[in-house]
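Please read these notes with the model open beside you.

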Amino acid sequence: MTSGIKIKEMRVTPVAIADPPLRSSYGLHQPYALRNILEFESEDGVIGVSETYGGEAPREILLNLGKEIVGSEPHRLTGCLRDMLTRLSDHEDASQTHLVPGENPVDANRRTYAAIEVGCLDLIGKSLGKPVCDLLGGRVRDRVPFSAYPFYKHTGGGGEGQDAREDKYGECLSPETLVGQVIKMREEYGFKSIKFKAGVFHPDQEIETIKQLYRELGPEIPLRIDPNSAWTVDTSVHVGRELAEELGRGGYLEDPTATISGMSEVRRRLLAEGIDTPLATNVAVTCFDDLPGSIKEDAAQIILCDHHYWGGMREVQHLAKLCQTFDLGLSMHSNNHLGISLMGMAHVAAATPHLTYACDTHYPWQTEEDEVVIGGRVPIVKGCVEITDKPGLGVELDYDQLARGRERYEKYPYRKRDDTAEMRKHVDPDWERKLPRW
Ligand code: GKR
Ligand code: MG
């Protein structure tokens, strides 16, 4: 028996989206972030969409798979491609410590698979009139909570020249201005938890930032801090100790230091001092192969999933089950993205019972001008994205906007995320990413 749905054409469109000058331990965000938008069109003219990492490399890999994709059935395609999930690259350093997500050779196949899986699920959902979360076993929540994601930032709203965007938040390089950024973001989106990107300034300033957030928001709003491995074990323990109260109320300490053994030592030392703030990770643990070691050493008590590089939505559901079995929490990681990815994250989150924290999202950093879905930006209300009964991911492509995104991609020279180059251009010509820095 066949499903009756056949893929007639696949398209992959690169887009550039304006991004403000945000800081992290990777350096400085460029004026544009890159994404690829995928379309899978069926013989009946239904179009499934997905969104993945940007630039030429992911696009070429996807286009090269075109022969296997065109003519196949979306119900079966991911079954046929499934060995991509186990085909690991033999790259020596399997960790993501020195790489931005989307560039780890170890999960290259999983990223490609995920982009196809989501597009196929959207196509199946749209063809059958069913939301993607209901194809994944059914929703356990109609509203998916996301957390605010404040960054230290320089002046600017992203984009270049005539295409420069409004700078909603202004320069935020101090604890006070960072708190102001969070207040504004909460006014607009109603977020009920905060994930603060650290690893930029001396840890004492970042500790002070969390303390000011705590004073401003009170103990009801969980706080997380993520320096992307910028600290030594000693510094991580110091920060954990100083922020025991502030992070201890439903928050966490995310990737304070590099490697499973480093994280595990931080955990042991904090526990020895009676501090049980959980450690979370999207750097030390990025694939199933990392889990046994992490569990054995108690390196991370919370895993940040991300369907874009864990191998798609169903792999995230498997991960959730494992986390539940081993008594680990599950949260969700984000990189710059548009509404298709946001809806992908929301649908898999809606269908994953054991998702124990609000998901991360960079979405507030992107603007209406760049959104490629019909109707503009996906609403985040009271900190949540609503899952409706609309079929598939619940969004359709706006082709004028997609064409504008592609024009921007072609006009500006950015082809790959490079936070170091941007940092050298605007902040310090000799800057190097150093791990640990403090
Ligand atoms: O956008 O600079 C950034 C973040 O640092 C991002 O690249 C991380 O992958 O959001 C991420 C995280 O939680 O580590
Ligand atoms: Mg992180």
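1. Both Glu-254 and Asn-282 are buried (under 20% relative accessible area with a 1.4 Å probe, protein chains only; exposed is over 50%, and partly exposed is in between). Together with Asp-226, they coordinate the magnesium ion (ligand 2), through Asp-226 (OD), Glu-254 (OE) and Asn-282 (OD1), at 2.0 to 2.2 Å. Donors here are N, O and S atoms within 2.8 Å of the metal (3.2 Å for Na, K and Ca), and since water is not among the atoms, sites may look incomplete. The spacing of the donor residues in sequence is D-x27-E-x27-N. Helices (H or I, at least four residues) and strands (E, at least two) are DSSP runs, numbered from the N terminus.

2. A note on the basis: this is a predicted model, in which local features need pLDDT of at least 70 and side-chain atom pairs count only at pLDDT 80 or more, while totals for chains, interfaces and linings use all residues. Residues are numbered from 1 along each chain as its sequence is written, chains are lettered from A and ligands numbered from 1 in the order in which they are written, and side-chain values use heavy atoms, with hydrogens and water left out.

3. Asp-226 also forms a salt bridge with Lys-195, at 3.3 Å from N to O. The term means a side-chain nitrogen of Lys or Arg within 4 Å of a carboxyl oxygen of Asp or Glu, and by this rule the count comes to 36. Lys-195 lies in strand S7 (residues 194-197) and Asp-226 in strand S8 (residues 223-226), so the bridge ties together parts that are 31 residues apart in sequence. Both Lys-195 and Asp-226 are buried.

4. A second salt bridge joins Glu-246 and Lys-211, whose closest N and O atoms are 3.0 Å apart. This pair, too, links distant parts of the chain, with Glu-246 in helix H9 (residues 244-247) and Lys-211 in helix H7 (residues 203-217), 35 residues apart. Glu-246 is buried at 8% relative accessibility, whereas Lys-211 is partly exposed at 22%.

5. Is His-307 buried or exposed? His-307 is buried, with a relative accessible area of 3%, and lies in helix H12 (residues 307-310). Its side chain makes a polar contact of 3.5 Å with that of His-308. Such a contact is a pair of N or O atoms within 3.5 Å; within protein, one must be able to donate a hydrogen and the other to accept it, and residues adjacent in sequence count only if both atoms are side-chain atoms.

6. The largest nonpolar core has 96 residues, and Phe-146, Leu-213, Ile-225, Ile-303, Leu-319 and Ile-340 have the most contacts inside it. A nonpolar core is a set of buried Ala, Val, Leu, Ile, Met, Phe, Trp, Tyr and Cys residues joined through side-chain atoms within 4.5 Å. Domain 1 (7-130) and domain 2 (135-393) both give residues to this core, so it lies between them; the domain bounds come from an automatic or database domain assignment. Apart from this core lies another, of 18 residues, including Leu-38 and Leu-62.
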